[in-house]
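Colleague: Could you walk me through this model at the level of side chains and helices? I would like to ask my questions one by one.

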Amino acid sequence: ASNIRIHTSALSTANKLLKYLSYFYNLAMLWEIPNVNSNPVKNIKPFKVDNLIERYLNKEEINTLLFYASKIDNPFIKPIIETLILTGGRKSEVLNLKWDDVDFNNMILTFVNTKSNRNRKIPISKSFCKVLKEMPRINDYLFPSLKLKNRPFKNLMFYWMKLKKQINLHDVRIHDLRHTFASILVNQGVSLYEVQKLLGHSSISITQRYAHLSNESLKNAVDIVGRVLED
């Protein structure tokens, strides 16, 4: 047996390729493309992928990440990362944010066309409000392309890979900033129901992956009894 470990993202990519190939072959047969009489990938089983692996950044790692992000020549990298951490938004949701999605009067942020195909509204925290008010407003998008007119920023992964290498966070993915948002909330005693709403999970069962994180807050809670009795 091989001892080679394959990264989860590579397995997911392979599964997506398999799915697309099967779809193309089925279309080719439907359209009666010459010499295509069967789907050769039909019976190939996809890889089993553990999608429940999460990596959470601690306070020191977050501060280091933001410090080095501030040194990048593109002025939007640091606020993008701050937005990911402070809102729990997915990368695509954050990069497609427009200023019209920001309601300063009611302090509400709206993620449009999310993974669930529904808009999701979350409160704007004081920290995120500060990030927003310090950002330059160039066009309709919060994070605009600096090359294409009135288009969103698209090259985040280039800068992300550069940052990861620079500060030795090789095991951290962009999506782990969303996990970090959730882990901080759960460990501060926020209910899974509230976390579900903020993350936009369609089912509480998806949010349950963070349930184990509440152990620390529960330990802190029971210590309260001891402190009261000792007083």
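Predicted model: local features only at pLDDT ≥ 70, side-chain atom pairs only at ≥ 80, totals over all residues.

**Around helix H7**

Colleague: How far apart are the end C-alpha atoms of helix H7, and what should its residues span?

Modeller: Helix H7 covers residues 176-187, twelve residues in total. At 1.5 Å a residue they should span 16 Å, and this agrees with the distance between the end C-alpha atoms, which is 16 Å.

Colleague: Is H7 mostly covered or mostly open, and how many of its residues are buried?

Modeller: Among the buried residues of H7 are Asp176, Arg178, His179, Phe181 and Val186. H7 is mostly covered, and of its twelve residues the number buried is ten.

Colleague: Let's turn to charges. Is Arg55, the salt-bridge partner of Glu61, buried or exposed?

Modeller: The closest N and O atoms of Arg55 and Glu61 are 2.9 Å apart. Glu61 has 18% relative accessibility and so counts as buried, since the cut-off is under 20%. Arg55 has a relative accessible area of 18%, so this residue, too, is buried.

Colleague: Where do Lys78 and Glu82 lie, and how many residues apart are they?

Modeller: These two form a salt bridge, with the closest N and O atoms of Lys78 and Glu82 2.8 Å apart. Lys78 counts as partly exposed at 27% relative accessibility, whereas Glu82 is buried at 14%. An α-helix has 3.6 residues a turn, so residues three or four places apart point the same way. Lys78 and Glu82 are about one turn apart in helix H3, that is, four residues.

Colleague: Which parts of the chain does the salt bridge between Glu93 and Arg120 link?

Modeller: The side chains of Glu93 and Arg120 meet at 2.9 Å, N to O, and both residues are buried. They are 27 residues apart, and the pair links distant parts of the chain: helix H4 (residues 91-95), which holds Glu93, and strand E3 (residues 120-123), which holds Arg120.

Colleague: Which residues do salt bridges with shared partners join into one network?

Modeller: The count of salt bridges comes to six. Those that share partners form one network of Arg55, Glu61 and Asp171.

Colleague: Now the pockets. Which helix gives the largest share of the lining of the second largest pocket?

Modeller: This pocket has a volume of about 390 Å³. It is lined by 16 residues, and those closest to its centre are Leu66, Glu82, Leu86, Ser127 and Val131. Helices H2 (59-69), H3 (77-87) and H5 (126-134) each supply at least two lining residues. The largest share, five residues, comes from H3.

Colleague: Last topic, the aromatic rings. Why is the pair of Phe67 and Tyr68 edge-to-face?

Modeller: The whole structure has five aromatic pairs, including a tilted one of Tyr23 and Phe24, at 6.1 Å centre to centre and 55 degrees between the planes. In the pair of Phe67 and Tyr68 the ring centres are 5.3 Å apart. Planes over 60 degrees apart count as edge-to-face. This pair is edge-to-face because its planes are at 90 degrees.

Technical notes:
Residues numbered from 1 in each chain as written. Heavy atoms only, no water. 1 Å grid on protein atoms, 1.4 Å probe; cavity = no way out; pocket = protein on both sides within 12 Å on 5 of 7 lines; lining within 4 Å. Points joined across faces, edges and corners; volume = space filled by probe spheres on them. Phe/Tyr/Trp six-rings, centres within 6.5 Å; stacked < 30°, edge-to-face > 60°. Expected span 1.5 Å × (residues − 1). Buried < 20%, exposed > 50% of the residue type's maximum accessible area, 1.4 Å probe, protein only. Salt bridge = Lys/Arg side-chain N within 4 Å of Asp/Glu carboxyl O.
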